[in-house]
Amino acid sequence: MPEKLPNGWVKTTLGDIVELSRDRALPTEYPDMPYVGLEHIEPHSMRLLDHGHAREARSSSVRFSKGDILYGKMRPYLNKVWVAEFDGLCSAEFLVFKKHDGLNTE
C-alpha cells in the first residue's frame, strides 16, 4: 500500500534537503558570543535551559545562526535538539543543520 503524505509534502531524505554546518570558530575570537553546550539543552523537550558565553568554551566550536537546528550527537537517546533563536557558537558535540525552507523545524 503506498504511503499517504499530507498535501504539499514530498518524500525525501534529510541529506537531500539540509546541509551540515562546517563553520568552525575559536571561542577566543568571539568571547562575548552566546555559547550553547549539551548541558544547556533539556532532554526530550527542544528547550534551551540557559547558555553561556564563548569565553567559557575550552575548544573549537561550531557557528550557528538563528533558525538552524542543533542536534546533540553524544548520547542521542537523550534527544537534545534545539532550534536556534539567536546566532552563536556551540559545542562540537552538536550536528548543526542549516536552516532550510523545505524543513519544518516544529
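Predicted model: local features only at pLDDT ≥ 70, side-chain atom pairs only at ≥ 80, totals over all residues.
**Exercise 1. State what the C-alpha trace of the protein chain spans along its principal axes, and what share of the residues is buried.**

Solution. Step 1: The C-alpha trace spans about 55 × 25 × 20 Å. Step 2: A residue is buried under 20% relative accessible area, exposed over 50%, and partly exposed in between (1.4 Å probe, protein chains only). Step 3: By this rule, 34% of the 106 residues count as buried. Step 4: A contact requires heavy atoms within 4.5 Å. Among the contacts with a separation of 6 or more, 63% come from residues 24 or more positions apart.

**Exercise 2. Describe the open sheet that 3 strands form, including its order and its edges.**

Solution. Step 1: Two strands pair if DSSP finds at least two bridges between them. Step 2: The order is β8-β7-β10, with antiparallel pairing. Step 3: β8 (81–83) and β10 (94–97) each have a single partner strand, so one side of each is left without a neighbour in the sheet. Step 4: Strand β7 (residues 69–72) pairs with β8 over 3 bridges, and β7 pairs with β10 over 4 bridges. Step 5: Ile 69 has Val 83 as its bridge partner in β8 and Phe 97 as its bridge partner in β10. Leu 70 is bridged to Trp 82 of β8.

**Exercise 3. Give the order of the open sheet formed by 5 strands, and identify its edge strands.**

Solution. Step 1: The order is β1-β6-β9-β2-β5, and the pairing is mixed. Step 2: The edges are β1 (24–25) and β5 (52–53); each has a single partner strand, so one side of each is left without a neighbour in the sheet. Step 3: Within this sheet, strand β6 (residues 61–64) and strand β9 (residues 88–90) pair in the antiparallel sense over 3 bridges. Val 62 has Cys 90 of β9 as its bridge partner.

**Exercise 4. Locate His 44 and Arg 75, and state whether each is buried, partly exposed or exposed.**

Solution. Step 1: His 44 belongs to the loop between β3 (41–42) and β4 (47–48). Its phi is near 60°, a positive value in a residue other than glycine. Step 2: With a relative accessible area of 56%, His 44 is exposed. Step 3: Arg 75 lies in the loop between β7 and β8. Although Arg 75 is not a glycine, its phi is positive, at about 50°. Step 4: Arg 75 has 49% relative accessibility and counts as partly exposed.

**Exercise 5. Identify the contacts of Leu 78, leaving aside its neighbours within four places in sequence.**

Solution. Step 1: Leu 78 is found in the loop between β7 and β8. Step 2: With those neighbours set aside, Leu 78 is in contact with Pro 43 and His 44. Step 3: Asp 23 is 55 residues from Leu 78 along the chain, and their C-alpha atoms are separated by 25 Å.

Conventions. Residues numbered from 1 in each chain as written. Heavy atoms only, no water. Helix = DSSP H or I, 4+ residues; strand = E, 2+ residues; numbered from the N terminus.
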